[in-house]
Structures are given as C-alpha cells and as structure tokens.
Amino acid sequence: MANSHSSTPSIPTTTKLVLFLLFSLVVGMASAQLSSTFYDKSCPTALSTIKSAVVSAVGKEARMGASLLRLHFHDCFVQGCDASVLLDGSSGEKSAGPNANSLRGFDVIDTIKTQVESACAGIVSCADILAVAARDSVVALGGPTWTVPLGRRDSTTSSQSAANTDLPAPTLDLAGLITAFSNKGFTTKEMVALSGSHSLGQARCIAFRTRAYNETNIDATYKTSLQSQCPSTGGDDNLSPLDVTTPNTFDNAYFTNLKNNKGLLHSDQQLFTTGGSTNAQVNSYIANRAIFRADFANAMKKMGNLSPLTGTNGQIRKNCRTIN
C-alpha cells in the first residue's frame, strides 16, 4: 500500500494556484452578477436623473407609468432584459403583433437617455434605463419599490419572430399563461403577482372585443359599459382601463375586479374562474394588499434578471433606437 499513489504525478503549487485563478475567472465571467451599486462611481447621478424624468412624464400623463412598466416587461420576455425592444426596424420587436401600434413611451426613454448621456456619456445602458424607469413608474403611482440591480448591456439584435412567440397574448387561457411564464422561469404564483401590473394602464378595443361580446363570465353592467366603448366593428384603438376601479393607482383593486367578473382581458379573467387553481391567490391579494406588493416587487426584481448581457457582451448604445 505504501506505493499505491506513486503513479499519480504531483502538480506544483504554483501551477495549482494559476489553475485555480483561471477557474475562478471563468466562473466569474459565466455568472456575471448585476449590482445595485454599478453606477455609484461611474455615473452617480444616473438614478436620480431617471427618476426625475419618470416623475415628470407620469405627472403629465398617468398612463405613461403603465407604458414604461410594459416596455420593460416586453423587453425582458424577448431575448432577456437587453433593450432589444427599443431598436427601430421593420424586422424587430417593435413591429411584432403584441407591440405594433400598442407599445408606447419610447420618447420618454429617448429623453432620459439624452439626459443621462449628457451627464456621463457611454456609461448607462438603455436596458438599465428601462429597468429603473419601470420601478420608478410603479412608485410614482403608489406602488411598492424594490432595488434594481444594474449593469445590463444593450443587444445589437431585435427579433420580431421571438416577440410574436414569447409574449403572452391577451387571449390565453390559464394553462397558456402558466406555460408562457414558466418558459421564462416564473412560478404560477409569480405570474399572478406580475399580472397585478394591470392595476395600471389601458387596453385597446381590439384586445377585449371578443370578451365584451362573446363571454359569459363577465358582469352584466360592466359588459354593457365595454360595448359602449368598443363597437362590434371599428374603433379598434378605443381604450378602456385594465382596472376599472382605480385605473391610475397601483393597488390591489385589479384582483377585486376579477372576483367580480370585471377583468378587461380574457387573460385577466382567467386568473379567477369557477374552481380555478389561482382563485385562492387572487383572494389572498384582495385580503392583504401588503402581500401582493411584496410578491410583485420580488417578481419584478426576478424579471429584471432575465438573461442580461453583462461584461463585454452587447454594447452601451448611444441612441436607444439604433446600434452604435
């Protein structure tokens, strides 16, 4: 037994150290982490600049808060949180079915980018601006805050086909919603929490016409009201609030509306149906607003971590609409 290890060559200590350092470097690059202090030294005014611009925009038009929140969501669900949704071009995400004539707020992001660039050129990514603007929009309309980890970089590509495939449609049933969010790593609980973003904003008639005219699990008075705003033909762009109770305040009234069969979209009402598997969670959010706020904030933080470009991947776009 004395010679049992003699055939194994020993590795010099210096070689071991070099190998360890190389391994650590590779692992570190592979799992690059975002950091809440990313701009503290390189652009210390970045967050305050974004916040003041968002507060100004939302102050002029409350709906803009929902639009900026939606931009971040539609960005992260396609290729990850990489500002690909902001790129102009007929083959990009802007022209995809869920986004065309629907996404808005690009001008606000342009304004923020211009202001941040003048403060510290080439430092702050458009992807980070989207993530911070979404949080600041929710806060501006009475919602919870959360820490936004930073350090995302911007993509050089944008995919119309990926947007058409990956973004959940307003026509989805509960099983389809669960699958769409599960494909991005979210639990059913997180999907319901994130759906609470529909406490804010409006939807176009074309997105809820079928529900207003053909569905039965809808409050009769609410149905009549929707039909008056959304004719059976024409008026595709007529708007109705996603939360009919408090359309410009981030709260839990959205969930109470679902229990009362006043969900605007088919996909909204799917969260509360007879014997539905998510009914209990909707009820818990109705009963305890604080739980909803905490769950929403945690789910938003997780969404902001979807496949970010970090390190030397991607670029810091000078103009959010075009690659450098």
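Which side chain does the side chain of Y285 make a polar contact with? I started there, keeping in mind that this is a predicted model.

**Entry 1: Y285**

I found the partner in Q281: the two side chains make a polar contact at 2.8 Å. I then placed Y285 in the fold, and it sits in helix α13, which covers residues 279-287.

Buried or exposed, I wondered about Y285? I got a relative accessible area of 0%. Y285 counts as buried because that value is under the 20% cut-off.

Next I listed what Y285 touches, leaving out residues up to four places away in sequence. My list reads K189, V192, A193, N252, F255, I291, F292 and D295. V192 and Y285 are 93 residues apart along the chain, and I get 9.7 Å between their C-alpha atoms.

**Entry 2: the largest pocket**

The largest pocket holds about 970 Å³. I count 40 residues in its lining, and R70, H74, H198, L242 and L265 are the ones closest to the centre.

Which element gives the most to that lining? I see α3 on top, with seven residues. Several elements supply at least two lining residues each, among them α3 (63-76), α8 (188-195), strand β1 (202-204) and α14 (289-303). I also noted α7 (174-182), α9 (205-214) and α12 (266-269) as suppliers of at least two each.

Last, I sorted the lining of the largest pocket by class: 22 residues are nonpolar, 12 polar and six charged.

Definitions and conventions
Residues numbered from 1 in each chain as written. Predicted model: local features only at pLDDT ≥ 70, side-chain atom pairs only at ≥ 80, totals over all residues. Heavy atoms only, no water. Helix = DSSP H or I, 4+ residues; strand = E, 2+ residues; numbered from the N terminus. Buried < 20%, exposed > 50% of the residue type's maximum accessible area, 1.4 Å probe, protein only. Contact = heavy atoms within 4.5 Å. Polar contact = N/O pair within 3.5 Å; in protein donor to acceptor, adjacent residues only side chain to side chain. 1 Å grid on protein atoms, 1.4 Å probe; cavity = no way out; pocket = protein on both sides within 12 Å on 5 of 7 lines; lining within 4 Å. Points joined across faces, edges and corners; volume = space filled by probe spheres on them. Nonpolar A, V, L, I, M, F, W, Y, C, P; charged D, E, K, R; others polar.
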